[in-house]
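Subject: Structure handover

Hello,

Here is the structure I said I would pass on. Please look it over before reading the notes under it.

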Amino acid sequence: MAAAHADAKILGWRWWSPAELAGTADALWPPTLSDMLTPWHGTTEGSPPPAPVALGYVPGPALRRD
């Protein structure tokens, strides 16, 4: 997995608090990630989940044809 992340230029991964996401200057994808997660803040087990969010087309790595 580390090699795949390196190929995709992913420099690292970790858990972020909502405040960290909202206040970071780091490039995140999607850029509006903090806003997209806001409906989830304070949800409790058993409550209906927020509506799904369509991200549109998300390009992946090119497939090799050997």
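The notes below go from the whole chain to single residues.

First, a caveat: this is a predicted model.

Overall make-up

The protein chain has three helices and zero strands, and its pattern along the sequence reads α-α-α. Of the 66 residues in the protein chain, 8% are buried. The accessible surface of the chain is about 6200 Å², and carbon and sulfur atoms account for 62% of that surface.

How many salt bridges does a search of the whole structure find? The search returns one. The partners are R14 and E20, with 3.6 Å between the closest N and O atoms. Both residues fall in the partly exposed class: R14 because its relative accessibility is 48%, and E20 because its relative accessibility is 35%. The cut-offs in use here are under 20% for buried and over 50% for exposed, with partly exposed in between.

The charged end of R14 sits over the ring of W16, at 3.9 Å from the ring centre. W16 is located in the loop that runs between α1 (2-7) and α2 (18-23). With a relative accessibility of 27%, W16 also counts as partly exposed. Which residues does W16 contact, leaving aside its neighbours within four places in sequence? They are L21, T24, D26 and L28. As for ring-to-ring pairing, a search of the whole structure gives zero aromatic pairs.

Helix α3: S34 and D35

S34 is placed in helix α3, and D35 is found in that helix too. Is S34 buried or exposed? S34 counts as buried, because its relative accessibility is 16%. D35, in contrast, is at 58% relative accessibility and therefore counts as exposed.

Not counting residues up to four places away in sequence, S34 touches P18, L21 and A22. L21 is also on the contact list of W16 given above. For D35, the value to record is a C-alpha separation: 7.9 Å between D35 and A22, two residues that are 13 apart along the chain.

Nonpolar surface patch

Which residues make the nonpolar surface patch of about 310 Å²? The patch is made by W29, V53 and L55. L55 is placed in the segment after α3 (33-37). The relative accessibility of L55 is 42%, so L55 counts as partly exposed. That value also meets the patch criterion, because patches are made of residues with over 30% relative accessible area.

Regards

Key
Residues numbered from 1 in each chain as written. Predicted model: local features only at pLDDT ≥ 70, side-chain atom pairs only at ≥ 80, totals over all residues. Heavy atoms only, no water. Patch = residues over 30% accessible without salt bridge, like charges linked within 9 Å, V, L, I, M, F, W, Y side chains within 5 Å. Areas by Shrake-Rupley, 256 points an atom, 1.4 Å probe, with all protein chains shown as cover. Salt bridge = Lys/Arg side-chain N within 4 Å of Asp/Glu carboxyl O. Helix = DSSP H or I, 4+ residues; strand = E, 2+ residues; numbered from the N terminus. Buried < 20%, exposed > 50% of the residue type's maximum accessible area, 1.4 Å probe, protein only. Contact = heavy atoms within 4.5 Å. Phe/Tyr/Trp six-rings, centres within 6.5 Å; stacked < 30°, edge-to-face > 60°. Lys NZ or Arg CZ within 6 Å of the ring centre and 35° of its normal.
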